[in-house]
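The sequence and structure come before the text.

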Amino acid sequence: MSKKKNVHVFVDGEVLVIKHFSGIGHYTAELLRAVDKLLYLDEYSHISVEIGVPKNDMHRLNRFGYENFKVRRMPFSPHVANGLKKRHRLPPIDLLYGKKVYLFPNYSCWPALFSPVVPIIYDLSFVHHAEFVEPRNQAFLIEQVRLSASKAKKIVTISKNSQAEIETEFSIPSKDIDIVYPAVDRHLFYPRSDYDVSYTKAKNGVFGDYILFVGNIEPRKNLVTLLRAYNQLPAAIQEKYGLLLIGAKGWLDNEIHDMIIDMRMRGLKIIQPTGYVEDEDLPALYSGASAFVYVSKYEGFGIPPIEAMACNTPVISSNNSSLPEAVGDAAIMIDAADDAALCENITKLLNDKKIVKKYVDRGSQQILNFDWDKSARQLLKTLEEAAK
């Protein structure tokens, strides 16, 4: 058996150390955690991985507990690097760190002279739904992602829907766009005990039964439709179940907050924790929910419904973009614009234990399709192919 060619990988670790730790940060952190474990195996002994971060942020990597990665100092802060990208003044990254495979987990790449680059392009929401993106950020993404896609040896994305969009938008063959699915850590996301649920609810100022949403408070998440549906629920259900919204403030959220204030003034139980909800509290809050509702207008994948399924919580999802791929037949699916249908299905779910059991059982099977070990193996395969 011939010896495998050594593959040296350099990962731009910006998304791991910036102060606003986003969904991209979570995806990258967990994917690299799984890669870190694989590097202990003989079959991957030919692969080495370095992570580059600015000097002042190197300490932030310690929380992830990576053991097999070398940490390198990046020459610029993320702010400076983005400014140089806009002006097309970034130096070729392989002049700084040598010939390697360069993985960029945040849409756009540095230039390289003699090395393959692999960007992760999660979705094309900034192209197909510009109304949900801050204009300056949209202009930056359109230019930089198109440039990065044209220079990429391979592209990584997170769903078949995104793969098809990238293929069409940039005229790139699908064989050069690999899907590396997000997943959930089933050591963290699992049904929690009644005690854990009660303790975590009290810790976060949540009392009574509730319908749950998790995600940024922004138009793309379609909270207006969710709020309208909750407003239409029978009085008895509104009395028994609050609507718990967990998420950071997003972009263009004035209409959403105005609706929340109006509904609270009319006595409806719209619950938002006053402080930051820690990641470690999410599984218990999922477990305590009577239903999880996620009716986004567009998603690159949509991991919260999978997290809810892992905690044995029934899910209602919209039927657009990548969400059918993510939830399969394990969620009640509706048109994102149909608040009446959402109201009807929430009511059915809360009143029928057989429907709940049906979707909880299906959800426990659906989550098996998404596994970090499997995703890490696919990523390493992609990087090996890029190195050829």
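Ile 211 has Ala 291 of strand S11 as its bridge partner. The structure is a predicted model, in which local features need pLDDT of at least 70 and side-chain atom pairs count only at pLDDT 80 or more, while totals for chains, interfaces and linings use all residues. Residues are numbered from 1 along each chain as its sequence is written, and side-chain values use heavy atoms, with hydrogens and water left out.

S8 (residues 209–214) and S11 (residues 291–294) are joined in the parallel sense by two bridges; strands, like helices, are DSSP runs numbered from the N terminus (E, at least two residues, for a strand; H or I, at least four, for a helix), and two strands pair if DSSP finds at least two bridges between them. Strand S9 (residues 241–246) also runs parallel to S8, and six bridges join these two, with Val 214 standing opposite Ile 246. Five of the six residues of S8 are buried, so this strand is largely enclosed by the rest of the structure; buried here means under 20% relative accessible area, computed with a 1.4 Å probe on protein chains only.

## The six-stranded sheet

These strands belong to an open sheet of six, in the order S10-S9-S8-S11-S12-S13, with parallel pairing. Strand S10 (270–271) and strand S13 (332–334) stand at the edges with a single partner strand each, so one side of each is left without a neighbour in the sheet.

## Two cavities

How many cavities of 30 Å³ or more does a search of the whole structure find? The search finds two, where a cavity is a set of points, on a 1 Å grid over the protein atoms alone, at which a 1.4 Å probe fits but cannot get out, and lining residues have an atom within 4 Å of a point. Grid points are joined across faces, edges and corners, and a volume is the space filled by probe spheres set on the points.

The largest cavity has a volume of about 60 Å³, and its lining includes Asp 12, Glu 14, Met 74, Phe 76 and Trp 110. By class, this lining has six nonpolar, one polar and two charged residues. The second largest cavity, of about 40 Å³, has a lining of nine nonpolar residues, with no polar and no charged ones, among them Val 9, Leu 32 and Leu 379. Strand S1 (7–12), helix H2 (23–38) and helix H17 (372–387) each give two or more residues to the lining of the second largest cavity, and the largest share, three residues, comes from H17.

Definitions and conventions. Buried means under 20% relative accessible area, exposed over 50%, partly exposed in between (1.4 Å probe, protein chains only). On a 1 Å grid over the protein atoms alone, a cavity is a set of points where a 1.4 Å probe fits but cannot get out, and a pocket is an open set with protein on both sides within 12 Å along at least five of seven lines; lining residues have an atom within 4 Å of a point. Ala, Val, Leu, Ile, Met, Phe, Trp, Tyr, Cys and Pro count as nonpolar, Asp, Glu, Lys and Arg as charged, and the others, Gly among them, as polar.
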